[in-house]
Amino acid sequence: QVQLVESGGGLVQAGGSLRLSCAASGITLSINVMGWYRQAPGRQRELVATITRGGSTNYADSVKGRFTISRDNAKSTVFLQMNSLEPEDTAVYYCNAVLLATSGLYNYWGQGTQVTVSS
């Protein structure tokens, strides 16, 4: 019922910035939480940041003070502003949405966008 499309990834030097976006389509009003996760080769997928429908945010300790998650007025698009990027931030970044429907709780993922930070 929900499709997620990420954009904004790319190659950036250490200390630079990138802004990721994730556009949700479908039954977006039923989305309760949206977030960003990332996965590097040989590593588990890890939480980067989440934002609830009410605007509450949560960040991984490794990105606090550098990354900011936000959403548009329609609650159908989520952004991740990434500043002071470090090589350790290199990963595929995935958009996530949790949808609460009558039939249960559903978890959706985007296709991912590559972020590469060079030193």
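Begin by selecting Arg45 and Tyr94: Arg45 lies over the face of Tyr94, at 3.8 Å from the ring centre, where a charge counts as sitting over a ring if NZ of Lys or CZ of Arg is within 6 Å of the ring centre and within 35 degrees of the ring normal. What you have open is a predicted model, in which local features need pLDDT of at least 70 and side-chain atom pairs count only at pLDDT 80 or more, while totals for chains, interfaces and linings use all residues. Residues are numbered from 1 along each chain as its sequence is written, and side-chain values use heavy atoms, with hydrogens and water left out.

Trp109 itself is partly exposed, with a relative accessible area of 35%; here buried means under 20% relative accessible area, exposed means over 50%, and partly exposed is in between, all with a 1.4 Å probe and protein chains only.

Helices (H or I, at least four residues) and strands (E, at least two) are DSSP runs, numbered from the N terminus.

Next, select residues 91–101, which make up strand β9. Nine of its 11 residues are buried, so β9 is largely enclosed by the rest of the structure.

- β4 pairs with β9 in the antiparallel sense over eight bridges, and the bridge partner of Arg38 in β9 is Tyr93.
- β10 runs antiparallel to β9 and is joined to it by six bridges; a hairpin joins β9 to β10 through two residues, and the bridge partner of Val98 in β10 is Asn107.
- Strand β11 (residues 113–118) is joined to β9 by three bridges and runs antiparallel to it, with Tyr93 standing opposite Thr113 in β11.

**The nonpolar core**

Now select Leu4, Met34, Trp36, Leu80, Met82 and Tyr93, which are the residues with the most contacts inside the largest nonpolar core, a set of 30 residues. A nonpolar core is a set of buried Ala, Val, Leu, Ile, Met, Phe, Trp, Tyr and Cys residues joined through side-chain atoms within 4.5 Å. Several strands each supply at least two residues of this core, among them β1, β3 (18–26), β5 (46–52) and β11, and β9 gives the most, with five residues.

**The open sheet**

Turn to the four strands that form an open sheet in the order β1-β3-β8-β7, with antiparallel pairing. The edge strands are β1 (2–7) and β7, each of which pairs on one side only. Along the contact between β7 and β8 there are five bridges, again in the antiparallel sense, and the bridge partner of Ser70 in β8 is Phe79.

**The salt bridges**

Finally, look at the charged side chains, where a salt bridge is a side-chain nitrogen of Lys or Arg within 4 Å of a carboxyl oxygen of Asp or Glu. The structure holds five salt bridges. One of them joins Lys64 and Asp61 (3.1 Å, N to O), and both of these residues are exposed.

Is Arg66 buried or exposed? Arg66 is buried, with a relative accessible area of 10%. Select Asp89 with it, for Arg66 forms a salt bridge with Asp89, the closest N and O atoms being 2.8 Å apart. Arg66 lies in the loop between β6 and β7 and Asp89 in the loop between β8 and β9, so the pair ties together parts that are 23 residues apart in sequence. Asp89 is buried too, with a relative accessible area of 1%. Salt bridges that share partners join Arg38, Glu46, Arg66, Glu86 and Asp89 into one network.

Key: Pairing = 2+ DSSP bridges.
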